[in-house]
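Hi,

Here is the model I promised to pass on.

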Amino acid sequence: GFSVSLWDALRWTGVEVGGGGGVGCEWRGGGRMMLLHVRSEAHRGTAECNQGSLDELNGGGPSPYSHSHLFVPRASALSVHEIPAEDDKITDPESSLMCDSWEHLYPSHTPCELVGYHLLKAKAHNEGFKASQQRVARSNPNMLSAGVASEQGTQLLSLHEVTTAPNSSKGPIKCEGKPSTTKKTLTEVFCSFMNRRCGIGRNWPWASGGSSILAEYGTLHLEFMHLSKLSGNPEFAQKVMNIRKVLNRLDKPQGLYPNYLNPNSGQWGQHHVSVGGLGDSFYEYLLKAWLMSDKTDEEGKKMYYDALQAIETNLMRKSSGGLTYIAEWKGGLLEHKMGHLTCFAGGMIALGADGAPNDKTGHQMEQAAEIARTCHESYVRTALKLGPEAFRFDGGVEAIATRQNEKYFILRPEVIETYMYMWRFTHDPKYREWGWEAVQALEQHCRVGGGYSGVRDVYASTPNHDDVQQSFYLAETLKYLYLLFSDDDHLPFDHWVFNTEAHPLPVIRREKTDRPNEVE
């Protein structure tokens, strides 16, 4: 390591701050990140503020840390990164929260707002789930990420269902307190982060002027509806139904849902539409809300099929080589690329084909099969037989990544997910064959001594590992592979719905006294 002033270190990254102080600096993560150990008197308040959370992270005893930590990437932006309790290793550099200045993320400038730690304790109701998950908020000890909270909450809801005997009498789960949400925005659309101490929500600064993101506020419906059913508390369901009301009031450009929505003005941000990143799971949840409601949520059904029609009309295209793909829409112009994240759409369309209006079931199954084929082609056209992060259809190129920053593979599940759904609905053996090809490629190129690693370039003849095993590899990729080669009665679709992180939630059977689409 080497020592520089805190002011010099932050100025180097493009951040304007005043004051000084000693720090220790060292590069981590293959030179991609710099760890700043703040030890100055000027920032003693920061260390003291974080100390309680550090002690909690260490299991209640004295923390091994007595100073705050800041991760700064080599690029000109500041990143606050999570740090495991014991060894300071960087586990997921790509998930860092990036911001251009302190002011964007920390408007109050208090020491506690500079950097902090937060531990979300996940405790199950049974003996089967002992390990609590540790997460670190990207801002201060009271900052809660909606995505992290939703993911962990769903794990517990799913665990409650799959580990409880189906014929046992399960009373309502006791949920102390009210839904943990921010103070109301003007539209009641959720923000990405919440300060639990003061109830103030905020969004990613890069998201079209601090807009809420479609795939975040639109990916709470299954969990909140299910939690209301289990707890008997209607507030959870009311929260997500309010989001629908906002969306239904808005005009949709060409029937499409832009990825960004201002939570206060209730207006769309920049008109960027994607069925992949930033938008994907919103569409999935419209369909699955209808399925999980035992097909009584007619509003969700209509929203899904209307959205799918708009996607087919405006985004779905076929290449000169006959490959169907889903492009991205930016301000009325198409970008002819398809992300690996978008490959889930084949499975989604197959899942909803049976309920398609106007006798479109066969048509939608054909679309699903074509998307599955395209995504398979993105795999087989690489040297490692693993798919790139995104692939393009322009300049004579089809289903190939042309940019270096799109050639990596991080163990994503979406292609396997589509294979699994297509197998369940068609029993065409090619989907198991394609899945087995992926298994062999994962074993040959991604398996390392400590688990499985992503690779930086799927077109290189030998893998260059990124040394990261993503959490979704276990939660989704391997689970979908297991289901692909399992019998259909293992978590059958008429009883279970998978949320966007592949956690199974049960279909909520309508009782005779229930009335559709009504929150009691």
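Leaving aside its neighbours within four places in sequence, which residues is Tyr257 in contact with? I get Leu214, Leu247, Lys252, Trp268, Val273, Phe282, Tyr283, Met303 and Ala307, where contact means heavy atoms within 4.5 Å.

Before the rest, some housekeeping. This is a predicted model, so local features need pLDDT of at least 70 and side-chain atom pairs count only at pLDDT 80 or more, while totals for chains, interfaces and linings use all residues. Residues are numbered from 1 along each chain as its sequence is written, and side-chain values use heavy atoms, with hydrogens and water left out.

The overall picture

The chain has 15 helices and 22 strands; these are DSSP runs numbered from the N terminus, with helices being H or I of at least four residues and strands E of at least two. Of its 520 residues, 55% count as buried, i.e. under 20% relative accessible area, with exposed being over 50% and partly exposed in between (1.4 Å probe, protein chains only). If you take contacts between residues at least 6 apart in sequence, 61% of them join residues at least 24 apart.

The cores

Tyr257 is also one of the residues with the most contacts inside the largest nonpolar core, along with Tyr217, Tyr283, Leu386 and Phe409. That core has 97 residues. By nonpolar core I mean a set of buried Ala, Val, Leu, Ile, Met, Phe, Trp, Tyr and Cys residues joined through side-chain atoms within 4.5 Å. Helix 9 supplies the largest share of this core, nine residues. Apart from it lies another core, of five residues, among them Phe193, Trp204, Ala207 and Tyr260.

Helix 11 and its surroundings

Helix 11 (residues 345–352) is largely enclosed by the rest of the structure, because eight of its eight residues are buried. Those are Ala345, Gly346, Gly347, Met348, Ile349, Ala350, Leu351 and Gly352. What do they pack against? The list is helix 9 (280–292), helix 10 (298–314), strand 13 (316–318), strand 14 (324–326), helix 12 (361–380) and helix 13 (414–426).

Two residues tie in with this. Tyr304 lies in helix 10 and is buried, with a relative accessible area of 2%. Beyond its neighbours within four places in sequence, Tyr304 is in contact with Tyr283, Leu286, Leu287, Met348 and Ile349. Tyr304 and Leu286 are 18 residues apart in sequence, yet their C-alpha atoms are 5.2 Å apart in space.

Glu284, in helix 9, counts as buried too, at 4% relative accessibility. Again leaving aside neighbours within four places, Glu284 is in contact with Phe344, Met348, Glu417, Phe498, Asn499 and Thr500.

Helix pairs

For these, axes are lines fitted to C-alpha atoms, for helices over the stretch in contact, and angles run from 0 to 180 degrees between N-to-C directions. Angles under 35 degrees count as roughly parallel, over 145 as roughly antiparallel, 65 to 115 as roughly perpendicular and the rest as oblique. A crossing is left-handed if the near helix is turned anticlockwise from the far one by less than a right angle, and right-handed if clockwise.

- Helix 13 and helix 15 (471–484): the axes come within 9 Å and cross at roughly 20°, which makes helix 13 roughly parallel to helix 15. The crossing is left-handed. Ile416, Glu417, Tyr419, Met420, Trp423 and Arg424 in helix 13 meet Thr477, Tyr480, Leu481, Leu483 and Leu484 in helix 15.
- Helix 14 (429–445) and helix 15: the axes come within 10 Å and cross at roughly 135°, so the two are oblique to each other. Helix 14 passes helix 15 in a left-handed crossing. The contact is made by Tyr431, Arg432, Gly435, Val439 and Leu442 of helix 14 and Tyr473, Leu481 and Leu484 of helix 15.
- Helix 8 (235–249) and helix 10: they pack at about 45° with their axes 12 Å apart, which makes helix 8 oblique to helix 10. This crossing is left-handed. Met241, Arg244 and Asn248 in helix 8 meet Glu299, Gly300 and Met303 in helix 10.

Cheers
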